[in-house]
Amino acid sequence: MVKPLAFKGEKTKVRKRKEVPTIDDGQEHKGTRESASDIPYEDDSWVNAESSGDISGPVVIVLPSTKPTCIACDAAGKVFTSELENIIEGDPSTAEPHDVRQVWIANRIAGTDNICFKGHHHRYLSSDSVGSFSARNEAISPEETFVCMASTDTPGTFSIQTARETFISVTDDGKDIHGDAETISFNTTVRIRMQARFKPNLKANKETKAKGKISKKELEDAVGRKLDEDEVRKLKKARLEGDYHEKLLDVRTEALGLVEFASSGAGIEAFQCILTANTLTLKIWVWQTDPEGSPALSQLNSWSCDKH
């Protein structure tokens, strides 16, 4: 690093460094630690793919061998069977990988039912004309595409079909795999284990739960008054079921003491009677859509008269 020129006898300024607060004392300092609630949670647990539409992201292809094995590959692209160690009582539906070579990244080919499997070394699983497997190609051709056909006999299992309409099969001892089986059998029936966060229905459930998470204060701000517990439950349920805006209008209508009396193309009209000591006021309201696409209550007309 180039230093500025200094003359003999000249005092040099020493730049003071700010002390970085430590957290060894068990006390939390501002800006040094994120709370657990601020860190997004990713579910990395392993679950079974139940349909071909589930298959996405990191997967383990569990083979139906006597000792549970899976399809793996090394850095040179050699494909082989690897024995599974993370498994409960030999049940293939509980298998998890213990070696990165056992994991493939499943991606669907756009506009088709075909799936490709990328290995840890960024090359694709491939089956050639005689049913031999390798993982050496960086580009996707028909030989790198497969169709995962869900089994009708055993839910949660698949037969993986190659581009030549043959199936992946394994020998009983789990030592060899081939891609030349012409019919579906027990030896072609595999399980596909995947990470839960990539499973579509689990994603949808999380999104649905997120929709229902709204505070009582937020609901009261939307309605414009205090709400009782029944009204809060009603609005939260409506957010989950997709008719939140309709229920919100109902609650607002009750809040204003409105009575629906007619329907038209512009919306639902209603009226409100306000009685004071000397005056009776009649107001006509209509539900309209604001520029943002949300329904809003708008006063259409108003009349007042002396109640005597």
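The paragraphs below go through a predicted model, from its confidence values to a hairpin and a pair of aromatic rings.

The mean pLDDT of the protein is 76, and 63% of its residues reach 70 or more. Over residues 20-41, the pLDDT is below 50, and this stretch has eight contacts in the model beyond near neighbours in sequence. The pLDDT is also below 50 over residues 257-268.

Now turn to strands 5 and 6. Strand 5 covers residues 104-108 and strand 6 covers residues 115-118. The two run antiparallel and are joined by four bridges. In this pairing, Asn107 stands opposite Cys116 of strand 6. Strands 5 and 6 form a hairpin, with six residues between them. In the turn sits Gly111, which has a positive phi of about 80°.

The model contains one aromatic pair. Two values describe such a pair: the distance of the ring centres and the angle of the planes. For Phe117 and Phe146, the centres are 6.0 Å apart and the planes are at 50°. Planes under 30 degrees apart would count as stacked and over 60 as edge-to-face, so this pair is tilted.

Phe117 is buried, with a relative accessible area of 0%. Phe146 also counts as buried, at 1% relative accessibility, because the cut-off for buried is under 20%.

Technical notes:
Residues numbered from 1 in each chain as written. Predicted model: local features only at pLDDT ≥ 70, side-chain atom pairs only at ≥ 80, totals over all residues. Heavy atoms only, no water. pLDDT = per-residue confidence, 0-100. Contact = heavy atoms within 4.5 Å. Pairing = 2+ DSSP bridges. Phe/Tyr/Trp six-rings, centres within 6.5 Å; stacked < 30°, edge-to-face > 60°. Buried < 20%, exposed > 50% of the residue type's maximum accessible area, 1.4 Å probe, protein only.
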